[in-house]
Amino acid sequence: MPNRTRFFSRTLAAAGTAAALALATAVPAAAAPATVEQDVAQLYQDVVDLYNGLPASALSGVDRLIESPIPHVGPQRQAAQGPIPGCTEGSLLTYANKLASQLTPLESQALDALSGLSQLYVQGVASDKTPQVFGTDGQYTPRATATIDKLRGFWDIESWNIQLVAWKGTDLGSQAKMAQTFSLGLAPAKVKAAAALATKVLYEVPAMQGGRNPLITLNAFSAPADSLGGKRVALGDGLLDTVDFLGFDDVSVESVVGHEYGHQVDFAHDNHPRNESSEMGPDAYGGYFVAHAKGFAWDARTQQEVTYLDASIGDCFHSHGTPDQRKAAGAWGEKQATSQGNPNRVVPTATMIEKFQKEYPKLMPPAAARG
């Protein structure tokens, strides 16, 4: 990540008389208050330094639901190729990119720093040992809690230590939480000032909406045991708000948490594909879960809505799968649940992974052709 910190020249007004000049040189002038631009630039640099100070394995294996329209600090997955001819990205990505395009360069830089900082907080500091509140007003908490409880009993992987944590932009307003976050990798002498600056920028840039700008938390992610903070699923308020706005509220929490838990299924079997099946597989596992009699046993209409939500997060850069491919993966998983002879049997996770990997080339001919 290049250092994009801006440097600003300062000018001093010349004194009108020799006496005024003598006074100015004799008594040091008070430092001019920092501008918003300087605050944002300094915060961005602080966050870059924080990421650079993290252990090498801190972000290993962490997989976000979508590639954010804001270019976060820290390591990024690069698209293998693209764009794919004739492909139109999903509606959620289209909407997120529209929101991002309305930001000024200053707002974009502030959002970049704050979103990257908030991700590190929810990954490395937040814990489900304290009550978690999902949704900007807590409206999704019962559904999120019920979903993770059901998933822990559904799949045959070690589950007691998979945390479900709320990703909330308003946490940026707590200097104590930000100090804990900066302590993960920033030089100790800089932590207190950086934490204070983060909360200052949060409120002095109106577009941040005090942490409620949906772009700050318009994502979800799953992290493996050996990454910063250990095994967890993080669910962003901004993502839930956006999915609601797009009309998928009926299935939002269950689908997203089911998908992210699907990454935990892959982690448990050390399955780390370096192609689109890394995202399409969890779509399939999530589809199986919501359609299964021991999952949510959703009907055909609701299952279809889940596949449309899968499609909404598809991209066109051989990164996470196109909308059509994401939809097909989810539908395949649902079909595995509804067509099996014993509706109460849950396919072992190792078998599910193997079955999907065999199906994947049929769902993903462009990827299969690339080899």
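The model is a predicted one.

The buried residues of helix 5 are Thr141, Ala144, Thr147, Ile148, Leu151 and Phe154. Seen down the helix axis, they fall within an arc of 165°, so they line one face of helix 5. An α-helix has 3.6 residues a turn, so residues three or four places apart point the same way. On the face turned away from the buried side, helix 5 carries the exposed residues Pro142 and Gly153. The cover over the buried residues of helix 5 includes two strands, strand 2 (163-167) and strand 4 (232-236), and two helices, helix 9 (252-268) and helix 10 (277-291).

Helix 9 contains glutamate 254. With a relative accessible area of 7%, glutamate 254 is buried, because buried means under 20%. The side chain of glutamate 254 makes a polar contact, at 2.8 Å, with the side chain of arginine 143. Leaving out residues up to four places away in sequence, glutamate 254 touches Arg143, Thr147, Phe296 and Trp298. Of these, Thr147 is one of the buried residues of helix 5.

The largest nonpolar core has 95 residues, and the members that touch the most others are Leu43, Trp155, Phe182, Met208, Leu235 and Phe356. Helix 4 (residues 105-124) supplies the largest share of this core, 9 residues. Phenylalanine 182 has contacts beyond its neighbours within four places in sequence: Leu43, Asp46, Val47, Leu50, Leu117, Val191, Ala194, Ala195 and Ala198.

Most residues other than glycine have a negative phi. Glutamine 209 has a positive phi, near 55°, and sits in the loop between helix 7 (188-204) and strand 3 (220-223). Its relative accessible area is 46%, so glutamine 209 counts as partly exposed. Alanine 297 also has a positive phi, near 50°. Its place is in the loop between helix 10 and helix 11 (300-312). At 43% relative accessibility, alanine 297 is partly exposed.

The loop of alanine 297 leads back to helix 5 in two ways. Helix 10, at one end of that loop, is among the elements that cover the buried residues of helix 5. Phe296 and Trp298 are both touched by glutamate 254, whose side chain makes the polar contact with arginine 143.

Definitions and conventions:
Residues are numbered from 1 along each chain as its sequence is written. This is a predicted model: local features need pLDDT of at least 70, side-chain atom pairs count only at pLDDT 80 or more; totals for chains, interfaces and linings use all residues. Side-chain values use heavy atoms; hydrogens and water are left out. Buried means under 20% relative accessible area, exposed over 50%, partly exposed in between (1.4 Å probe, protein chains only). Helices (H or I, at least four residues) and strands (E, at least two) are DSSP runs, numbered from the N terminus. The arc is that of the directions from the helix axis to the C-beta atoms. Contact means heavy atoms within 4.5 Å. A nonpolar core is a set of buried Ala, Val, Leu, Ile, Met, Phe, Trp, Tyr and Cys residues joined through side-chain atoms within 4.5 Å. A polar contact is a pair of N or O atoms within 3.5 Å; within protein, one must be able to donate a hydrogen and the other to accept it, and residues adjacent in sequence count only if both atoms are side-chain atoms.
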